[in-house]
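Please look over the model below before reading the points that follow it.

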Amino acid sequence: MNLFDATILGVVEGATEFLPISSTGHLIVVASLLGAHDERGKVFEIAIQIGAIFAVVWAYRGRFNGAIRGVTRVANAQRFLWNLFVAFLPVAVLGLLLSKTIKTYLFNPYGVAAASIIGALVIFWVERPSMLADRAVNARVRDVDDMTTLDAIKVGFAQCFGLFPGMSRSGSTLIGGMLFGLSRNVATEFSFFLGVPTLAAASLYSLYKDRALLSVADLPAFAVGTVVSFIVALVVIRWLIRFVATHSLRVFAWYRIAFGVLILTAGALGWVSWPQG
């Protein structure tokens, strides 16, 4: 992979990781267009998520620093880290069980298109006016520190839908959180926080498992992709928390439908010869 391709994919990763539109889905499509969606390319697409992880850690460095320092004596810090752990467990188990199958059969633009459209329909259902008004008034959890273990487990299972390329990890946790009684801000922030162990585990596992595909010559591309994704993700995180607080997610649903239809149309009309896996 050349540095230009690495830069483009870094921008795509950083811009889409925390939006409810699926970073993996976008990386698969863009990498296919660049001719970089081979087995090494798939490792790259997962590994540069490390940049997005660092963006969350940096944006919320005070929160993470306080949690780590207070883990042995501060109840809120202990609860925060515990909730991250239990929320991470479902996707960790299912990811190990299903990762090979998902990569083989769903890591292609057609699977991404289908999941993107299905996810859009879910967003339209969740964000219909009657539910918007009800959640604004009756949100049960209005601070991350008020989340219970059961809340975290529920969000963790919602995150599992993000294993399917095109569904969106962040969208699954955000929407699941709101359905389970979290306010929009809390659901958004917890989605950011939960991304740290989830993306770190996925990236490190992929690098270890497929290390035979890589060489020292790949380091510059990985470094560029990671740094670019960090910078772009940092901007997106700061914007998204403000946007979600006052706007519906339906704009992302319309985008998802347009994205999915474009992929299917391009393949059907022969504009692009999409890979099947």
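Predicted model: local features only at pLDDT ≥ 70, side-chain atom pairs only at ≥ 80, totals over all residues.

1. Residues are numbered from 1 along each chain as its sequence is written, and side-chain values use heavy atoms, with hydrogens and water left out.

2. Helix 1 (residues 3-16) and helix 2 (residues 23-34) have axes that come within 9 Å and cross at roughly 160 degrees. Helix 1 is therefore roughly antiparallel to helix 2 (angles over 145 degrees). Helices here are DSSP runs of H or I, at least four residues, numbered from the N terminus.

3. In helix 1, D5, I8, L9, V12, E13 and T16 meet S23, H26, L27, V30, A31 and L34 of helix 2 (heavy atoms within 4.5 Å). The residues of this contact divide into seven nonpolar, three polar and two charged; Ala, Val, Leu, Ile, Met, Phe, Trp, Tyr, Cys and Pro count as nonpolar, Asp, Glu, Lys and Arg as charged, and the others, Gly among them, as polar.

4. The largest pocket holds about 660 Å³ of space. Its lining has 31 residues, with I46, G95, L163, T198 and A202 the closest to the centre. A pocket is an open set of points on a 1 Å grid where a 1.4 Å probe fits, with protein on both sides within 12 Å along at least five of seven lines; lining residues have an atom within 4 Å of a point. Helix 6 (75-106) gives the most to this lining, with eight residues.

5. The second largest pocket has a volume of about 230 Å³. Helix 10 gives the most to its lining, with five residues.

Methods. Axes fitted to C-alpha atoms, helices over the stretch in contact; angles between N-to-C directions. Helix = DSSP H or I, 4+ residues; strand = E, 2+ residues; numbered from the N terminus. Parallel < 35°, antiparallel > 145°, perpendicular 65-115°, else oblique. Points joined across faces, edges and corners; volume = space filled by probe spheres on them.
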